[in-house]
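Biologist: I would like to go through this structure and hear the grounds for each label attached to it.
Modeller: Then ask about the labels one at a time.

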Amino acid sequence: MTARGPRTGRLAAAFLAAVTLSSCAVTDPAVKLPDVPARATVSGDYLKALHAYRNSDLAAAAQSFGAVLAADPGNPGLTQRTFLARISDGRTADTLEMAADLVERQDGYAFGRLVLALAAIRKEDYAAARTQLEALEESRLTQILRPLLLAWVEAGSGNWTATGKHLDAIRRQGGFALLADLHGGYIASLKGDFEALDKSFRSALSALDRPPARLRIGAALHYARAGHVTAAREILAGGDLTDQNRDALDAALAAAKAGGPAKGLVSSATDGVAEALFDIASALQRDRGSEIALIYAQLALYMRPDFPLARLLVGEILDDRNRHSDALAIYQEIGRDSIYHIMAGLRAAAAMDAEGNREGALSVLRELARTYPDNGTVLVRLADTLRSDEAWVEAIEAYDAAFEKLGPAANDDWTLFYTRGIALERAKRWERAEADFLKALELSPEQPYVMNYLGYSWVEQGRNLEEAQSLIERAVRQRPNDGYIVDSLGWVLYRTGQHRAAVTHLERAVQLRPGDAVINDHLGDAYWRVGRRLEATYQWRRSLDMDPEPALAGEIERKLRDGLVTGDAPASPGNG
């Protein structure tokens, strides 16, 4: 059973772990933006452009930088800013003249050379591309990038011996054999050398315990093109493909077998370079906020506009920068015929939700569930979103449907039982909820959040109080700074009559979560029981000011009027 959506950078993380990527981002001369050009410092357009760029409003930044550049042509710093802004906005084709100017003016500006090389590869002018790539300034990143792109330049030229030498240079870097094997397989397919293809892909697949979907799909499509469909299907069967559109994948395999164009095939040097740029971008995205990751992802799309994984990566970077509406537009460009349509839909729903459009997110997820009724991942995401919307009964129905589609539970699936248990508990279906919490603990013993929720629920029901206290104490030892878990410990002590001990923990919980109405109410109750009546009323009033749920608000108003009396049953809702 699995219901997790992998990020696009998983493969990149595997073969680039040997490089400290944040160091690349700092030391690579192409990454640093130039200082503010002196002649533009008073320009409103310049300040607007700079503000837009820093806030990842890339279209506005590119437009405003262009306007300032038109007023101050030839300014090298301003040219560089406009150049980078346009690439980041996906307008690389509009930067070629600037790239040539920057290379001439700035002593071989690295990104300028790279863009000129890519433009040459698109025109199959491999000699010009080779010249630009060989002149790239040395950096830790170009030690990998240059031989990787040169391997594809030589493949485009039909110089297979030189291609192999460049791939070997990557292998000698240490930690990059997987990258070399992956591209070696693509290049062997382009050459028509099945023996080399099989050797390269087998090596790449065996390098990882659980080869990610992208690697398996890429290898399978190229085996199919070579006529080895059985081997292709065996490779695909070697791992999870729940985030992939199987109909589109089957269509791509059939097209590859027939020798026609198929989505996902690397059919030219241009395609191979796009894959290489995507690999670099994916790895750089591990360093969140890296400007260069977005640039490389957009360069991949410049080389191969129909590249859904690169689109997903651009969207992911924009999401990470809270540009959710821009990310949504990217995700919506990935159509129903794409292998990655499900992943794009899930990302689109998440972007809508992050923008505050919960109804839109649910609409997208419901449509995905109708389109892919057997996909457990989609159903789990729908259930999670319904649970967040406190639509408990609908969430339970979606979870139940997901469990019917997913396979046997693995240890990592404790979260599914935990989240369904929460929906069941809130829907007052305790018997099933308790069973789910216990199953979650069976799969992941000592999981602090499950121990806390189950223990707190028992406390609220006045059941299994000793066991509840033990569960919560163990949870606190693991999460001593989690206000909710600390509150649970204070509450179980309160419910078992240990009021003075409860005060200590509840005061700590209020420090950790000062704005939580339930925790403040709990502390008020504990203060009352130890005779600190004035402080109790203060905490209750604080809780009432925090807009608590109606049931709790009514109970607080009663306590402010009458105080706590012997035998009062606490009415605070669960805070697991």
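This is a predicted model: local features need pLDDT of at least 70, side-chain atom pairs count only at pLDDT 80 or more; totals for chains, interfaces and linings use all residues.

Biologist: Which residues of α23 are buried?
Modeller: W392, A395, I396, A398, Y399, A402 and F403 are buried in α23. These residues cover an arc of only 165° around the axis, so they lie on the same side of α23.

Biologist: What do the buried residues of α23 pack against?
Modeller: They pack against α22 (376-388), α24 and α25 (430-443).

Biologist: How do you know that the length of α23 agrees with its number of residues?
Modeller: At 1.5 Å a residue, its 14 residues should span 20 Å, and the end C-alpha atoms are 20 Å apart, so the two values agree.

Biologist: What can be said of the loops on either side of α23?
Modeller: The loop between α22 and α23 holds E390. Phi of E390 is positive, near 60°, in a residue other than glycine. The loop between α23 (392-405) and α24 (414-426) holds N411.

Biologist: Why is N411 called exposed?
Modeller: Exposed means over 50% relative accessible area. N411 has 52% relative accessibility, so N411 counts as exposed.

Biologist: Where is D547, and why is D547 called exposed?
Modeller: D547 is in the loop between α31 (533-545) and α32 (550-562). Its relative accessible area is 69%, and the cut-off is over 50%, so D547 is exposed. D547 also has a positive phi of about 55°, although it is not a glycine.

Biologist: What makes α9 largely enclosed by the rest of the structure?
Modeller: Of the 16 residues of α9, 13 are buried, so the helix is largely enclosed. The span of α9 (residues 142-157) should be 22 Å at 1.5 Å a residue; the end C-alpha atoms are 21 Å apart, which agrees. After α9 comes G158, with a positive phi near 80°.

**Aromatic rings**

Biologist: How are two aromatic rings described as a pair?
Modeller: By the distance of the centres and the angle of the planes. The count here comes to 14 aromatic pairs.

Biologist: Why is the pair of Y418 and Y453 called edge-to-face?
Modeller: Rings pair if their centres lie within 6.5 Å, and planes over 60 degrees apart count as edge-to-face. The centres of Y418 and Y453 are 6.2 Å apart and the planes are at 85°, so the pair is edge-to-face. This pair links distant parts of the chain, with Y418 in helix α24 and Y453 in helix α26 (residues 448-461), 35 residues apart.

Biologist: How do you know whether Y418 and Y453 are buried or exposed?
Modeller: Buried means under 20% relative accessible area. Y418 has 14% relative accessibility, so Y418 counts as buried. Y453 has 7%, so Y453 counts as buried too.

Biologist: What makes the pair of W430 and F437 tilted?
Modeller: Planes under 30 degrees apart count as stacked, over 60 as edge-to-face and the rest as tilted. For W430 and F437 the planes are at 50° and the centres 6.2 Å apart, so the pair is tilted. W430 is buried, with a relative accessible area of 17%, and F437 is buried with 0%.

Biologist: Which residues do ring pairs link into a cluster?
Modeller: W414, Y418, W430, F437 and Y453.

Biologist: What makes you say that the charged end of R122 sits over the ring of Y302?
Modeller: One condition is that CZ of Arg is within 6 Å of the ring centre. The charged end of R122 is 4.1 Å from the centre of the Y302 ring, over which it sits. The charged end of R533 sits over the ring of W528, 4.1 Å from its centre.

**The core and the whole**

Biologist: Which residues touch the most other members of the largest nonpolar core?
Modeller: F83, F111, Y296 and L299, out of 192 residues in that core. Helix α17 (residues 291-303) gives the most to this core, with 11 residues. Among the residues that Y296 touches are F111, L114, L141 and L145.

Biologist: What is the secondary structure of the protein, and how much of the protein is buried?
Modeller: The secondary structure comes to 32 helices and zero strands. Buried residues make up 55% of the 576 residues.

Terms used: Residues are numbered from 1 along each chain as its sequence is written. Side-chain values use heavy atoms; hydrogens and water are left out. Helices (H or I, at least four residues) and strands (E, at least two) are DSSP runs, numbered from the N terminus. Buried means under 20% relative accessible area, exposed over 50%, partly exposed in between (1.4 Å probe, protein chains only). A nonpolar core is a set of buried Ala, Val, Leu, Ile, Met, Phe, Trp, Tyr and Cys residues joined through side-chain atoms within 4.5 Å. Contact means heavy atoms within 4.5 Å. The expected span of a helix is 1.5 Å times one less than its number of residues. The arc is that of the directions from the helix axis to the C-beta atoms. Rings of Phe, Tyr and Trp (its six-membered ring) pair if their centres lie within 6.5 Å; planes under 30 degrees apart count as stacked, over 60 as edge-to-face and the rest as tilted. A charge sits over a ring if NZ of Lys or CZ of Arg is within 6 Å of the ring centre and within 35 degrees of the ring normal. Lists of a residue's contacts leave out its neighbours within four places in sequence.
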